[in-house]
Amino acid sequence: MAQTTLLYNIGQLLTMDQHDGPVRGEKMGSIDVKENYAVFMKDGKVEKIAPSDELKHTDADEKIDCKGKLVTPGLVEPHTHLVFGGSREHEMALKQQGVPYLEILKQGGGILSTVRSTRKASEKELYERAMFHLNRMATYGITTMEAKSGYGMDRETELKQLRVAKKAGEDHPLDLVSTFLGAHAITEEYKDNPKALLDEMASMFDQIKEEDLAEFVDIFTETGVFTIEQSRRYLQKAKDHGFDVKMHADEIDPLGGTQLAVEMGATTGDHLAVATDEGIKELANSNTIGVLLPGTIFYLGKGEFARARDMIEAGAAIAISTDFNPGSSVTENIQLIMSLAALKMKMTPEEIWHAVTVNAAHAINRGDEAGQIKEGRKADVVIWDAPNYLYIPYHYGVNHVNTVFKAGQKLYERGDLLV
Ligand SMILES: O=C(O)CC1=NCN=C1
Ligand SMILES: [Zn+2]
């Protein structure tokens with residue numbers, strides 16, 4: 001295990017540390033690119049960042065000639081439904097026939113299909129699935145990420161998912177941040193009384209806090225799920241119990257979830273695909289980060305992509321995410337999401353790099369330890385098979401990662417053909 005590693009002859013180095021805090025508005029459009037640099041990692045931290053010639057002869061357990069490749073911070077993935085049982089490939093045909101997402105849910109499919117599988121799955125099965133997906137996330141360059149519960153909507157299963165996420169976070173090299181999404185859908189038991197479901201989920205807040213099972217509480221505010229008023233009351237209770245809050249907001253119907261996220265001082269408002277002009281204005285004038293999920297819009301095959309350009313030009317701080325989940329965005333490929341952000345939301349490469357590093361880190365309260373390459377900070381670093389930072393969004397659908405370092409240790413290296 002190398003205690004010291006030197007990366008030299010780096011073509012372009014993105015440190016993403018030019019600004020403090022989440023980067024918003026026009027500042028998202030400019031990044032500092034260091035040409036022909038070196039990064040020296042020691043005991044898991046970034047020890048030195050300097051021009052390659054200055055460090056080239058530094059002694060190190062491992063010295064890697066990056067041959068002009070791009071080097072960036074490890075990516076941060078701020079929104080996943082990592083822990084789940086089963087799969088929903090059988091719903092693809094319904095999607096192809098144009099059956100709307102909310103209609104599939106109303107028919108007892110969608111999230112509720114995954115709820116049935118997750119309730120049945122053992123903790124061991126959920127853990128092994130989560131570790132498998134974490135491994136794949138790492139191969140795409142992700143080194144820190146969020147994991148939601150939300151496929152139980154009963155005490156036993158929600159705690160099962162949260163305990164799986166906690167154990168996975170302890171066992172896996174990736175750093176995990178947990179979110180309690182017990183307010184994800186209205187199950188059969190509560191179909192006539194969604195308020196009772198929210199009360200049951202809120203009754204778990206103390207235990208979740210005591211067992212340190214989640215930092216955030218999230219809710220799906222959507223037609224046929226939870227209303228604005230139900231969401232306001234539930235999120236206020238979560239805040240009263242010391243949780244930071246997030247919202248699945250304005251994904252399909254414009255209920256005004258974006259405005260509620262701002263009103264509640266949510267760390268993030270997520271999806272925002274149909275946020276109104278008023279919602280965008282309030283988001284831009286708040287500390288709430290917009291987490292945009294273009295993969296979901298792409299995958300559902302309908303609806304509008306979030307108005308990222310309007311949000312950024314109004315001054316908002318934006319992050320992007322795969323929304324990895326078994327039904328509405330079944331991919332760990334954050335690099336494809338970067339391409340969709342460019343092609344469908346017209347985000348610039350500079351904005352995209354802020355959205356998958358420093359802003360995504362702040363979206364899960366890890367802005368002081370992830371998303372940047374800084375001396376003294378944990379060495380989460382990616383070497384890319386790419387000549388520059390424009391290349392990743394440009395060449396879509398493939399994995400450009402060459403090597404991933406997590407806390408200075410080589411976590412993944414692209415393999416070559418076996419023959
Ligand atoms: O469909 C799912 O399993 C995840 C999801 N929740 C809200 N939107 C998508
Ligand atoms: Zn989601």
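Reply: Donors themselves are N, O and S atoms within 2.8 Å of the metal (3.2 Å for Na, K and Ca), and water is not among the atoms, so sites may look incomplete. This is a predicted model, in which local features need pLDDT of at least 70 and side-chain atom pairs pLDDT 80 or more, while totals for chains, interfaces and linings use all residues. Residues are numbered from 1 along each chain as its sequence is written, chains are lettered from A and ligands numbered from 1 in the order in which they are written, and side-chain values use heavy atoms, with hydrogens and water left out.

Me: What are the protein donors of the zinc ion (ligand 2)?

Reply: They are His-79 (NE2), His-81 (NE2), His-248 (NE2) and Asp-323 (OD), at 2.0 to 2.5 Å from the zinc ion. Their spacing in sequence is H-x1-H-x166-H-x74-D.

Me: Why is the arrangement around the zinc ion (ligand 2) called irregular?

Reply: The four donor atoms subtend angles of 83 to 171 degrees at the zinc ion, so the arrangement is irregular. For reference, the ideal angle for four tetrahedral donors is 109.5 degrees.

Me: Which parts of the chain does the pair His-81 and His-248 tie together?

Reply: His-81 is in the loop between β6 (75-77) and α2 (92-96), and His-248 is in strand β10 (residues 244-249), so the pair joins parts that are 167 residues apart in sequence. Helices (H or I, at least four residues) and strands (E, at least two) are DSSP runs, numbered from the N terminus.

Me: What makes Asp-323 a buried residue?

Reply: Buried means under 20% relative accessible area, exposed over 50%, and partly exposed in between (1.4 Å probe, protein chains only). Asp-323 has a relative accessible area of 2%, so it is buried. His-81 and His-248 are buried too. Asp-323 is found in the loop between β13 (318-320) and α14, and its phi is near 55 degrees, a positive value in a residue other than glycine.

Me: Which residues surround ligand 1?

Reply: Among them are Arg-88, Tyr-101, Ile-111, Tyr-151, His-184, Glu-251 and Asn-325. A residue is listed if one of its heavy atoms lies within 4 Å of the molecule.

Me: How do you know that Tyr-101 makes a polar contact with ligand 1?

Reply: A polar contact is a pair of N or O atoms within 3.5 Å; within protein, one must be able to donate a hydrogen and the other to accept it, and residues adjacent in sequence count only if both atoms are side-chain atoms. A polar side-chain atom of Tyr-101 lies 2.6 Å from an oxygen atom of ligand 1, so the pair meets the cut-off of 3.5 Å. Glu-251 has a polar side-chain atom 3.1 Å from a nitrogen atom of ligand 1, and an N or O atom in the side chain of Asn-325 is 3.4 Å from an oxygen atom of ligand 1. Taken alone, ligand 1 exposes 260 Å², and the protein buries 100% of that.

Me: Is His-184 buried or exposed?

Reply: His-184 has a relative accessible area of 3%, so it is buried. His-184 sits in the loop between β8 (175-183) and α7 (194-202), and its side chain reaches the backbone oxygen of Gly-150 at 2.7 Å. Contact means heavy atoms within 4.5 Å; beyond neighbours within four places in sequence, the contacts of His-184 include His-81, Ile-111, Tyr-151 and Phe-220.

Me: Why is Lys-346 called exposed?

Reply: The relative accessible area of Lys-346 is 53%, so Lys-346 is exposed. Lys-346 lies in the loop between α14 (334-343) and α15 (349-355). Its side chain reaches the backbone oxygen of Leu-343 at 2.8 Å.

Me: Why does Gln-409 count as partly exposed?

Reply: Its relative accessibility is 24%, so Gln-409 is partly exposed. Gln-409 is found in strand β16 (residues 409-413). Ala-407, in the loop between β15 (401-406) and β16, is partly exposed because its value is 27%.

Key: Four donors count as tetrahedral if all angles lie between 85 and 135 degrees; four count as square planar and six as octahedral if opposite donors are over 155 degrees apart and all others between 65 and 115; anything else is irregular. Accessible areas come from the Shrake-Rupley method with a 1.4 Å probe; for residues, only the protein chains shown count as cover.
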